[in-house]
Amino acid sequence: MTKSKPKGKTGNAAQLKGRRLPKTREEWIFWMKRKGGHIFMSILRYALILCIGLIILMPILQMISATFMSPEEVGNPVSTWVPSRFSLEHLIVAFKMLNYPQALGYTLLTTALQMILQILAAAVTGYSFARIRSKKIQMLFGVVILTIVVPPSVLMMPQYLFFRNFDIFGIIKAITGSSLNLLGNPVTLYILDFCSMGLKSGLYIFIFRQFFKGLPKELEEAAHMDGCGFLKTLFSIIMPNAVPGIITVGVLSFVWNWNDTYYANLFVGNKLNLMVRLNEVSANMQQALQSMSRKVPADFFFQDRNLLYQASILKAASLLVVIPLIVLYMFVQKRFVESASNAGIVG
């Protein structure tokens, strides 16, 4: 009985992987080409991800570098990315220029309220479109899609005139003798959000509709058998199971309303809004710096006429505006990615 030859380490590895190592020259050439193709595609994939990541992160890295750079180093090509001496002067000037504590509190409050109103309005509307089977209802859903397609600037003039002479079926004018002027009041944004006409509200309705269509109808049938009505079924049964859709819409609504200047300038014009304040400072940078000359310590290297210094202050102010969104994303990024992948996938 002949003894079998012991398999070497290479033979065992090949056997474990279920592959046969090439033996002939042609097999080796084919194996190297295939292996080289995999390696090349991996390098290309990682290079593409790295380039996209740099494009996304480069503005943030520039803002961080300019924020903590010493004013004496502004414009020095050696200290473009890593300052040789760190300083908080740019951050302090931008902090005072934006009136940051008061503006941050106001923006957080108004944005959170808008987010809640948009979630409630979009959930009720999306649930109605998902469950009510009627041709008229589906025609109305076409109008919702139209609000996504039509740019907000098209509706600017009708909405402006509506809030300039606000009235509800002539009731307010019959009682007070004249209509109300709601311009300059944040309640205009709340009315738009509550009526599903706020920023990106059509998209939120679409997300909720698609998500609710994926929920089993047995949940609602059981609730109806227990005597629940439409709204009780929605808020007691459906909404607790719609957490992915709520997180997706909530994060998108908060971020887009936080960054919005169109509706904030058109209907409110409140200088306490962070984005509105940042745009005003950016448009009148020199005047803003001159008004700050008496509010900063005397030992600051203050250069209100230096364009590079103005750009550094503006980057520091932009970083202060972006920081709350970064903090928000750090807390919700895992749930948001999971929710975004689960919401709106049903046709």
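**Figure 1. Burial of Phe-163 and Phe-267 in the predicted model.** In this predicted model, Phe-163 and Phe-267 are both buried. The two rings have centres 5.4 Å apart and planes at 70 degrees, an angle over the 60-degree limit, so the pair counts as edge-to-face. Phe-163 belongs to helix H6 (residues 156-164) and Phe-267 to helix H13 (residues 262-268).

Figure 2. The predicted structure contains 14 aromatic pairs. One of them joins Phe-163 to Phe-166, with ring centres 6.2 Å apart and planes at 10 degrees; this pair is stacked because the angle falls under 30 degrees. Phe-166 is buried, as is Phe-163. Ring pairs join these residues into a cluster whose members are Phe-162, Phe-163, Phe-166, Tyr-262, Tyr-263 and Phe-267. Phe-163 thus takes part in a stacked pair with Phe-166 and in an edge-to-face pair with Phe-267.

**Figure 3. Charged side chains over aromatic rings.** In one, the charged end of Lys-200 sits over the ring of Trp-256, at 5.4 Å from the ring centre. In the other, the charged end of Arg-209 is placed over the ring of Phe-141, 4.1 Å from its centre.

**Figure 4. Packing of helix H9 against helix H12.** Two packed helices are described by the angle between their axes and the distance between the axes. For helix H9 (residues 201-213) and helix H12 (residues 243-259), the axes come within 10 Å and cross at roughly 170 degrees. This angle is over 145 degrees, so H9 is roughly antiparallel to H12. On the H9 side, the contacting residues are Leu-203, Tyr-204, Ile-207, Phe-208 and Phe-211. They meet Pro-244, Gly-245, Ile-246, Thr-248, Val-249, Leu-252, Ser-253 and Trp-256 of H12. Trp-256 is also the residue whose ring lies under the charged end of Lys-200.

Figure 5. Thr-111 lies in helix H4. Its relative accessibility is 1%, under the 20% limit, and Thr-111 therefore counts as buried. When neighbours within four places in sequence are left aside, Thr-111 is in contact with Phe-254, Asn-257 and Trp-258.

**Figure 6. Ile-132 in the loop between helices H4 and H5.** Ile-132 is located in the loop that lies between helix H4 (100-131) and helix H5 (135-149). Its relative accessibility of 35% falls between the 20% and 50% limits, so Ile-132 counts as partly exposed. Apart from residues up to four places away in sequence, Ile-132 touches Ile-137 and Gln-138.

**Figure 7. Cysteines Cys-51 and Cys-195.** The structure has zero disulfides. Cys-51 has a relative accessible area of 44% and is partly exposed. Cys-195, at 49% relative accessibility, also counts as partly exposed, because this value does not pass the 50% limit for exposed residues.

**Figure 8. The protein chain as a whole.** The close-up views are set here in the context of the chain. The protein chain has 16 helices and zero strands. Of its 347 residues, 35% count as buried. Among contacts with a separation of 6 or more, 69% are made by residues 24 or more positions apart.

Technical notes:
Residues numbered from 1 in each chain as written. Predicted model: local features only at pLDDT ≥ 70, side-chain atom pairs only at ≥ 80, totals over all residues. Heavy atoms only, no water. Phe/Tyr/Trp six-rings, centres within 6.5 Å; stacked < 30°, edge-to-face > 60°. Buried < 20%, exposed > 50% of the residue type's maximum accessible area, 1.4 Å probe, protein only. Helix = DSSP H or I, 4+ residues; strand = E, 2+ residues; numbered from the N terminus. Lys NZ or Arg CZ within 6 Å of the ring centre and 35° of its normal. Disulfide = S-S within 2.5 Å. Axes fitted to C-alpha atoms, helices over the stretch in contact; angles between N-to-C directions. Parallel < 35°, antiparallel > 145°, perpendicular 65-115°, else oblique. Contact = heavy atoms within 4.5 Å.
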